[in-house]
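This report is for a reader who meets the structure for the first time. It goes from the whole chain to the sheets and then to the helix contacts.

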Amino acid sequence: MTIIRDKSNALQRRATQVMPLGVNSNFRYWGDEITPYVKKAKGSHLWDVDDNEYIDYRLAFGPIILGHAFDEVDAKVHAEIDQGALFAMTGELEVALVEKMIAMCPALEMVRLACSGTEATLHALRVARAYTGRDKVIKFEGMYHGFQDFTLFSTYAPVEAYGNINNPVPVPSGSGIPRPLHELIVTLPFNNMEVLDKTLRRVGHEVAAIIVEPCMGNCAAIEPAPGFLEYIRAKCTEYGIVFILDEVKTGFRIANGGAQEFYGLMPDMATYAKSLGNGYPIAAFGGKREIMSIIGHGVAQGGTFNNNKPGVAAAYATLDLLQKQPILATIAQRGRRLMDGLRKIFQGAGIPVCMSGYPSMFSFYFGVEEVSGQRDWAKADHDYYMRLVDAAIERGVMPDHDPREPWFLCYSHSDADIDETLNVMSDVVRMVKR
Ligand code: PMP
């Protein structure tokens with residue numbers, strides 16, 4: 001079966017004349033004649049410009065936690081923007097929003113808003129450097145913290161380039177990242193206490209921050225090994241390093257209080273975006289009062305759009321719903337059914353599969369047994385995964401084409417969506433041979 005993509009392809013040709021790769025973010029280009037161009041979305045469903053309908057598991061790379069065009073959120077946005085979209089002055093709703101975030105997320109005592117996950121991590125890193133008076137940052141291979149230059153290293157290079165596991169080499173994610181920044185970043189394998197310990201003994205007192213996603217949200221949702229995040233916590237305390245938990249994907253998704261609540265973890269700072277606004281542009285970073293309160297006292301931070309009304313209104317309405325209704329529990333229950341169903345389909349077909357992540361955000365891979373970081377995951381059979389996923393997309397089930405990107409669920413995914421997805425996946429597994 002081949003779906004008609006004539007209008008998508010025509011729009012791609014037109015877009016390619018005026019936008020690099022015909023898209024506004026590199027990740028959105030899947031290839032010529034296979035990249036869908038979208039018309040609209042509602043709830044858990046999305047329509048491309050050819051009117052093909054999909055059950056959406058990309059959810060805009062995660063932000064859609066309730067559903068596309070979710071009525072309660074949009075009503076709040078409309079009511080607020082009727083009174084102006086941007087003042088670059090402070091209003092009551094943003095104060096109430098930040099109070100809600102602090103009530104929900106254990107590690108937050110003070111917060112500043114931003115517009116994207118990239119800005120949130122950029123600001124958090126500056127504050128951590130200002131607080132410690134140190135410049136170096138530790139990040140983990142395969143993790144992604146946005147398009148700012150400081151952490152755009154060892155995100156998705158071929159892992160052979162990462163060097164020996166005991167002494168990794170930071171690999172910039174392309175040209176244009178200033179060479180002097182190579183001196184400021186240390187890249188380490190995730191879930192490896194020994195290498196972290198050895199590195200800290202060497203450079204621990206030069207390190208301002210360890211920034212870490214709670215799970216590898218940008219590499220198949222590989223989970224933290226038991227005790228690894230707690231080990232980072234303890235080592236940060238020992239060396240006076242700021243522990244930044246990048247909750248851009250996990251925040252307001254895996255629990256109301258994100259990974260902090262899920263794992264009972266207290267980072268010094270945390271960053272948010274995505275699910276916070278159900279698709280509207282809003283982000284945040286925050287943490288301990290002692291650290292955050294240096295902002296404005298010799299530490300620069302700002303942004304014209306930081307309290308944009310659509311973002312603030314959407315976030316307020318989204319968090320209000322999460323607080324008042326068992327939204328994330330409902331998503332988790334449907335996600336669990338989808339994960340269990342997929343596992344059964346692969347088992348039934350005699351195909352060993354590894355699954356990782358959480359019911360609201362998970363992935364799976366083939367041909368490897370145990371995966372603790374990007375180096376092991378890179379050995380999986382990505383070609384098979386991509387052929388499966390492309391066949392599913394042809395049949396109206398749309399996870400991302402990229403095997404690093406997890407499947408995301410939202411509150412609007414119904415039991416019928418899950419049933420239909422399992423039917424499609426069971427057909428696809430029968431048809432596409434490994
Ligand atoms: N941090 C993490 C963990 C992310 O997943 C992303 C985006 N995928 C970012 C930061 C950057 O967020 P944004 O795309 O909103 O700049």
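The model is predicted: local features need pLDDT of at least 70 and side-chain atom pairs count only at pLDDT 80 or more, while totals for chains, interfaces and linings use all residues. Residues are numbered from 1 along each chain as its sequence is written, and side-chain values use heavy atoms, with hydrogens and water left out.

**Whole chain**

The protein chain contains 13 helices and 14 strands. Both are DSSP runs numbered from the N terminus, with helices (H or I) of at least four residues and strands (E) of at least two. Along its principal axes, the C-alpha trace spans about 60 × 55 × 45 Å. The radius of gyration is 21 Å, which agrees with the value near 22 Å that a compact globule of 434 residues would have. That radius is taken over C-alpha atoms, and the globule rule is 2.2 Å times the number of residues to the power 0.38.

Seven strands make up an open sheet with mixed pairing, in the order 4-10-9-8-7-5-6. Strands count as paired if DSSP finds at least two bridges between them. Strand 4 (110-114) and strand 6 (185-188) are at the edges with a single partner strand each, so one side of each has no neighbour in the sheet. From one strand to the next, the twist averages 20°. Strand 4 pairs with strand 10 (residues 283-287) in the antiparallel sense over five bridges, and M110 stands opposite G287 in strand 10.

Another open sheet has four strands in the order 1-2-3-13, again with mixed pairing. Its edge strands, strand 1 (38-42) and strand 13 (397-398), each pair on one side only. Strand 1 and strand 2 (residues 45-48) are antiparallel and share four bridges; A41 has L46 of strand 2 as its bridge partner. Two residues lie between the strands of this hairpin, where G43 takes a positive phi near 60°.

**Helix packing**

Axes are lines fitted to C-alpha atoms, for helices over the stretch in contact, and angles run from 0 to 180 degrees between N-to-C directions. Contact means heavy atoms within 4.5 Å.

| Helix pair | Axis distance | Angle |
|---|---|---|
| Helix 5 (residues 193-203) and helix 6 (residues 228-239) | within 11 Å | roughly 10° |
| Helix 10 (residues 327-348) and helix 13 | 10 Å | about 15° |
| Helix 12 (residues 382-394) and helix 13 (residues 415-431) | within 9 Å | roughly 130° |

Angles under 35 degrees count as roughly parallel, over 145 as roughly antiparallel, 65 to 115 as roughly perpendicular and the rest as oblique.

Helix 5 and helix 6 are therefore roughly parallel. Their contact involves M193, L196, D197, L200 and R201 of helix 5 with F228, Y231, I232, K235 and Y239 of helix 6. By class, these residues are seven nonpolar, no polar and three charged. Ala, Val, Leu, Ile, Met, Phe, Trp, Tyr, Cys and Pro count as nonpolar, Asp, Glu, Lys and Arg as charged, and the others, Gly among them, as polar. Helix 6 also lies across strand 5 (136-140), strand 7 (207-212) and strand 8 (242-246), at about 150° to strand 8.

Helix 10 and helix 13 are likewise roughly parallel, and the crossing is right-handed. A crossing is right-handed if the near helix is turned clockwise from the far one by less than a right angle, and left-handed if anticlockwise. Residues in this contact include R334, R337 and L338 of helix 10 and D415, I418 and D419 of helix 13. The contact has eight nonpolar, three polar and four charged residues.

Helix 12 and helix 13 are oblique to each other, and helix 12 passes helix 13 in a right-handed crossing. Y384, L388, A391 and A392 of helix 12 meet V424, M425, V428 and V429 of helix 13. This contact has eight nonpolar, no polar and no charged residues.
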